[in-house]
Amino acid sequence: PKPDVVSKTSAFVSTSLRRAQKSCGHYCYPSNLSKCCACEDLRPFADGYECYVDGIGYTSTAARDDGYCPVCNTKNYDRWMARVRRETEKKTIGGRREGKV
């Protein structure tokens, strides 16, 4: 049996993600979905998927799994951790300017 918590380490931080086995048999982040992200995705397979890019507009450059949870798509975990790091750095820098840190 697989554990309900998956430990993940990125270059920035180590954390644990909760996960649940869905009706499809795959593991996914706990949510109201009955199946994992991939099994719930009913879009037809394509070479690219629509996404919005700042300064460009809508393009068909996204990957099918770009919107999947970090358990189903580990590259989303790394993106999520990078965003958390950037936001933490902004708060730390902003706090130093205001004399809070």
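Of the 101 residues of the protein, 23% count as buried, where buried means under 20% relative accessible area, exposed means over 50%, and partly exposed covers what is in between (1.4 Å probe, protein chains only). The model is predicted, so local features need pLDDT of at least 70 and side-chain atom pairs count only at pLDDT 80 or more, while totals for chains, interfaces and linings use all residues. Residues are numbered from 1 along each chain as its sequence is written, and side-chain values use heavy atoms, with hydrogens and water left out.

Begin with a cartoon view. The protein has two helices and six strands, and from the N terminus on these elements run β-β-β-β-α-β-β-α; helices (H or I, at least four residues) and strands (E, at least two) are DSSP runs, numbered from the N terminus.

Next, select residues 49-53 and 57-62, which are strand 5 and strand 6; they run antiparallel and are joined by four bridges, and two strands pair if DSSP finds at least two bridges between them. The two strands form a hairpin with three residues between them, and in the turn Gly55 has a positive phi of about 85 degrees. Val53 stands opposite Gly57 of strand 6.

Now show the rings of Tyr52 and Tyr58. A search of the whole structure finds one aromatic pair. The centres of the Tyr52 and Tyr58 rings are 5.2 Å apart and their planes are at 70 degrees, so the pair is edge-to-face; rings of Phe, Tyr and Trp (its six-membered ring) pair if their centres lie within 6.5 Å, with planes under 30 degrees apart counted as stacked, over 60 as edge-to-face and the rest as tilted. Tyr58 counts as exposed, at 60% relative accessibility.

Move on to Arg64, in the loop between strand 6 and helix 2 (74-97), which counts as buried because its relative accessibility is 15%. Its side chain makes a polar contact with the side chain of Tyr49 (2.9 Å), a polar contact being a pair of N or O atoms within 3.5 Å; within protein, one must be able to donate a hydrogen and the other to accept it, and residues adjacent in sequence count only if both atoms are side-chain atoms. The charged end of Arg64 sits over the ring of Phe45, 4.0 Å from its centre, which requires NZ of Lys or CZ of Arg within 6 Å of the ring centre and within 35 degrees of the ring normal. Leaving aside neighbours within four places in sequence, Arg64 is in contact (heavy atoms within 4.5 Å) with Asp41, Arg43, Pro44, Phe45 and Tyr49. For another arginine over a ring, select Arg19, which lies over the face of Tyr27 at 4.1 Å from the ring centre.

In the loop between strand 6 and helix 2, select Asn73 as well; it counts as buried, at 6% relative accessibility. A polar atom of the Asn73 side chain lies 2.7 Å from the backbone oxygen of Asp65.

Then select Ser34, in the loop between strand 4 (27-28) and helix 1 (37-40), where the side chain of Ser34 makes a polar contact with that of Glu40 (3.3 Å). Ser34 and Cys24 are ten residues apart in sequence and 7.9 Å apart in space, C-alpha to C-alpha.

Finish with the largest nonpolar core, whose nine residues are Leu17, Cys28, Cys36, Cys37, Tyr68, Cys69, Val71, Tyr77 and Met81; such a core is a set of buried Ala, Val, Leu, Ile, Met, Phe, Trp, Tyr and Cys residues joined through side-chain atoms within 4.5 Å.
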